Amino acid sequence: MRILIASIAACLLSAPVFAGGETPSNPDAQVYFVNLSDGDTVTSPVTVVFGLNGMGVAPAGTEKENTGHHHLLIDRPALGEGEDGADELSYGIPSDDNHLHFGGGQTEVTLELAPGPHTLQLVLGDHGHVPHATPIVSDVITITVE
């Protein structure tokens, strides 16, 4: 029995743990849109520049204190809200048309957006695309594409 318990413990300790939301963040960190504000009217393609204070940017997979990489949420509820909100906070941000990942450490993107209103939110994710223990998120802004 002791050997079985020791074997199970060894397997659990060697497996990656993605419980989510465990990576600490600087409580003063802020992520924000550099070139867009709530209510702006723009034309497509739209360049979105990401700002970050109080932490650094590092590519996905990099485990370094007080770093993360950007995610852009488009046309969906704020992080943690909506149908998949709880899963995003615990298990990571999905990758689809409404959740763009910038795991290479990018700090801007140019997007083709259809005419009309669009909501945007920036989220900093840790090495495994999971929001930090205290999530670093921007306000949700609405822009209108002409």
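## Strand pairing

Strand E1 and strand E3 (residues 46-53) run antiparallel and are joined by four bridges. Two strands count as paired if DSSP finds at least two bridges between them. Helices (H or I, at least four residues) and strands (E, at least two) are DSSP runs, numbered from the N terminus. The model is a predicted one, in which local features need pLDDT of at least 70 and side-chain atom pairs count only at pLDDT 80 or more, while totals for chains, interfaces and linings use all residues. Residues are numbered from 1 along each chain as its sequence is written, and side-chain values use heavy atoms, with hydrogens and water left out.

## The open sheet

Together these three strands make an open sheet with the order E1-E3-E7 and antiparallel pairing. Strand E1 (30-33) and strand E7 (108-111) are the edge strands, each pairing on one side only. From one strand to the next the twist averages 20 degrees; axes are lines fitted to C-alpha atoms, for helices over the stretch in contact, and angles run from 0 to 180 degrees between N-to-C directions.

## The whole chain

The protein chain has two helices and nine strands. Read from the N terminus, its elements follow the pattern α-β-β-β-β-β-α-β-β-β-β. The chain has 146 residues, of which 36% count as buried. Buried means under 20% relative accessible area, exposed over 50%, and partly exposed in between (1.4 Å probe, protein chains only). Of the contacts with a separation of 6 or more, 71% are between residues 24 or more positions apart; contact means heavy atoms within 4.5 Å.

## The nonpolar core

A nonpolar core is a set of buried Ala, Val, Leu, Ile, Met, Phe, Trp, Tyr and Cys residues joined through side-chain atoms within 4.5 Å. The largest one here has 23 residues, and those with the most contacts inside it are Phe-33, Leu-36, Val-46, Val-48, Leu-72 and Leu-120. At least two residues of this core come from each of E1, E3, E5, E7, strand E8 (116-125) and strand E9 (141-145). E3 gives the most, with four residues.

Beyond its neighbours within four places in sequence, Leu-120 is in contact with Phe-33, Leu-36, Leu-72, Leu-73, Ile-74, Asp-139, Val-140, Ile-141 and Ile-143.

## Arg-76 and the salt bridge

The structure holds one salt bridge (a side-chain nitrogen of Lys or Arg within 4 Å of a carboxyl oxygen of Asp or Glu). Its partners are the side chains of Arg-76 and Glu-88, at 2.5 Å, N to O. Arg-76 lies in the loop between E5 and H2 and Glu-88 in helix H2, so the pair ties together parts that are twelve residues apart in sequence. Both ends are buried: Arg-76 has a relative accessible area of 14%, and Glu-88 has one of 1%.

A polar atom of the Arg-76 side chain also lies 3.2 Å from the backbone oxygen of Ala-78. Leaving aside neighbours within four places in sequence, Arg-76 is in contact with Glu-81, Glu-88, Asn-98, His-99 and Thr-119. The loop that holds Arg-76 runs between strand E5 (67-74) and helix H2 (85-91).

Conventions:
Polar contact = N/O pair within 3.5 Å; in protein donor to acceptor, adjacent residues only side chain to side chain.
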